Amino acid sequence: MYCQKCGCEVKDHNYCPECGECAPEHEETPAERSSSGKKSRFFFYLIFLGTLGLMIWGFYSLFNSGNGLEDLAETQLIEIKKNKITKAYYDYSSVRFKETNSLDSFREFIANNPGFREFTGIRFLDSRKDNNYGVVFGELIVFDDIAIPIKYEFVKEEGEWRVLKLQIDGPSFARPTGEKGGSGSAAVVQENPEQMNLIKEQLSVLKQGLIKKAYDQYSSDEFKSTTNFELFDKFIKQYPDFSDFEGVDTVDVESSKEKAKVTILLKTKKSSLPLEYFLINRNGQWKIWSMQVLKHAPEEIIADNAGEEKQMYGSINAFQNKISKNELDDAYNSTSPRFKNTTTKEQFESFLVKFPQLKNQVNFTGSMQDKNLGLVRGKLDEGKDRSLVDYIVTKENGDWKILGIEMLDKETAQPASPENDANDYDKSSLVEAINKQLNEIRNKNLFAAYEDYTSGEFKEATSFDNFAIFVSKNPLFSSNQSADFSRLTFDNNVATILMQFKTKTGAAGAVEYDLIKEGDKWKVLGIKIPADEEKTDHEKPKIKELK
């Protein structure tokens with residue numbers, strides 16, 4: 001090493017022996033300086049490449065990070081295909097989706113688009129995320145070559161992606177793949193003789209009661225693979241129109257060379273049944289790919305719930321007239337088989353003796369219907385006083401029949417057993433059953449509240465959908481904070497408990513439970529919010545009971 005000031009050689013000293021300049025602790029050689037430069041540049045390259053990689057990843061995540069959304073969409077579609085419509089609705093929908101689309105409307109939307117049930121594959125084309133909004137474009141593959149466009153919109157709620165909107169291009173189902181057209185267009189809008197002959201021949205066979213022949217001869221392989229004969233047989237027998245119709249009117253046709261959608265009206269003496277057929281051409285022969293009953297036929301108003309309500313009222317009035325005329329045998333025989341299986345004629349007559357006001361005229365105040373079950377509330381005239389009564393009715397062979405009667409008047413509808421017997425009973429197991437179910441409701445586990453804590457008879461009369469709607473729309477349940485025991489009575493093996501509920505906002509109200517023992521556990525047989533007796537006639541109470 002040499003002195004940087006005078007150039008004299010410095011060997012083992014820390015200073016220059018010639019001029020006294022302090023020597024540096026270490027001087028880099030040219031090789032060392034070269035190596036040091038390479039390290040610095042290498043480190044810079046690492047930083048640059050790492051930053052570039054993060055930028056590329058960021059752009060990729062921003063513009064191509066929809067895989068999570070695609071997985072969510074696919075999972076919901078699979079639930080729909082499995083016919084788990086309730087689960088698909090509650091587990092995947094956003095709050096905004098539920099506010100604008102009820103479970104019933106969602107179920108109708110799925111029913112009106114067979115592609116949701118019949119698809120054999122899912123193909124996602126594109127997906128995007130932007131902060132709390134996401135969108136997915138894809139196709140449902142039906143048969144082997146038909147693509148039905150779908151579009152999902154998602155929104156982030158409390159850190160989780162939820163469905164905001166779901167669209168499907170239904171009419172494109174009847175167009176060949178690749179053919180362009182708007183959502184309301186179709187390839188051809190006119191009757192095809194071969195297609196109409198197929199439908200009319202199938203209907204003619206069904207009218208003769210040859211359901212197996214109609215299934216085997218006119219259904220496509222795809223139809224048979226997704227709908228077994230037992231389901232088809234049950235579907236046909238659900239609608240007497242198939243055996244009673246007198247004519248067929250064509251409402252709409254959307255057709256191409258290989259596929260078609262045909263909407264018809266099955267005309268009977270009393271009404272019209274709207275049917276929608278999807279057809280497929282296999283090797284030059286048309287077959288039925290799917291068929292369904294529409295809630296409303298295009299361009300025509302079909303009897304809806306208002307018509308059903310009128311029929312329920314008419315059946316109850318006819319029943320009441322028989323009682324008022326003391327035609328008790330006819331009144332009893334007009335009830336449903338299930339009523340007669342659980343209530344003897346002697347019990348029926350004893351019930352009428354106990355509640356003579358049932359012979360009086362009834363004024364109906366509201367109704368609720370779920371498929372073939374209905375609940376009708378009415379007031380029985382007794383001069384100045386009125387007794388409230390609930391009729392549970394069931395539809396059998398097109399006619400509504402009495403399934404149950406419950407008097408709601410607090411003074412007259414006392415349980416048969418003395419109340420002091422109930423006071424001696426340990427009510428803890430009953431209250432515990434109610435509180436356990438209520439905890440599930442508070443935790444939003446509605447299916448567990450329904451499945452684990454209601455009786456078999458409750459489930460038979462009340463679907464999960466109606467139960468979920470009942471507790472979700474009533475703040476005494478959906479916003480419940482506490483429940484206090486008020487009163488216990490017994491009627492044979494049925495315990496009736498009155499509870500006082502309080503909500504998180506401080507509102508209070510009474511809820512009445514009927515419970516029955518199944519095995520060694522008490523199960524909910526009925527839930528009722530007692531009617532407000534002070535309401536005026538024009539403030540007709542809505543039915544608020546599940547049983």
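This is a predicted model: local features need pLDDT of at least 70, side-chain atom pairs count only at pLDDT 80 or more; totals for chains, interfaces and linings use all residues.
1. Helices H17 (residues 428–442) and H18 (residues 446–453) pack against each other at an angle of about 155°, and their axes lie 7 Å apart. Because angles over 145 degrees count as roughly antiparallel, H17 and H18 are described as roughly antiparallel to each other. The crossing of the two helices, H17 and H18, is right-handed.

2. On the H17 side, the residues in this contact are Ala433, Lys436, Gln437, Glu440 and Ile441; on the H18 side they are Leu446, Ala448, Ala449 and Tyr453. Sorted by class, the contact of H17 with H18 comprises six nonpolar residues, one polar residue and two charged residues.

3. Within H18, the buried residues are Leu446, Ala448, Ala449, Tyr450 and Tyr453. Their cover includes H17, helix H19 (456–461), helix H20 (464–473) and strand S16 (521–528).

4. Lys444 is placed in the loop between H17 and H18. Its phi is near 65°, a positive value in a residue other than glycine. Lys444 has 57% relative accessibility and therefore counts as exposed, the cut-off being over 50%.

5. A positive phi is also found at Asn326, where the angle is near 65° in a residue other than glycine. Asn326 belongs to the loop between helix H12 (305–324) and helix H13 (328–333).

6. In helix H5 (residues 103–111), the buried residues are Leu103, Phe106 and Ile110. Viewed down the axis of H5, these buried residues fall within an arc of 60°, so they line one face of the helix.

Methods. Residues are numbered from 1 along each chain as its sequence is written. Side-chain values use heavy atoms; hydrogens and water are left out. Axes are lines fitted to C-alpha atoms, for helices over the stretch in contact, and angles run from 0 to 180 degrees between N-to-C directions. Helices (H or I, at least four residues) and strands (E, at least two) are DSSP runs, numbered from the N terminus. Angles under 35 degrees count as roughly parallel, over 145 as roughly antiparallel, 65 to 115 as roughly perpendicular and the rest as oblique. A crossing is left-handed if the near helix is turned anticlockwise from the far one by less than a right angle, and right-handed if clockwise. Contact means heavy atoms within 4.5 Å. Ala, Val, Leu, Ile, Met, Phe, Trp, Tyr, Cys and Pro count as nonpolar, Asp, Glu, Lys and Arg as charged, and the others, Gly among them, as polar. Buried means under 20% relative accessible area, exposed over 50%, partly exposed in between (1.4 Å probe, protein chains only). The arc is that of the directions from the helix axis to the C-beta atoms.
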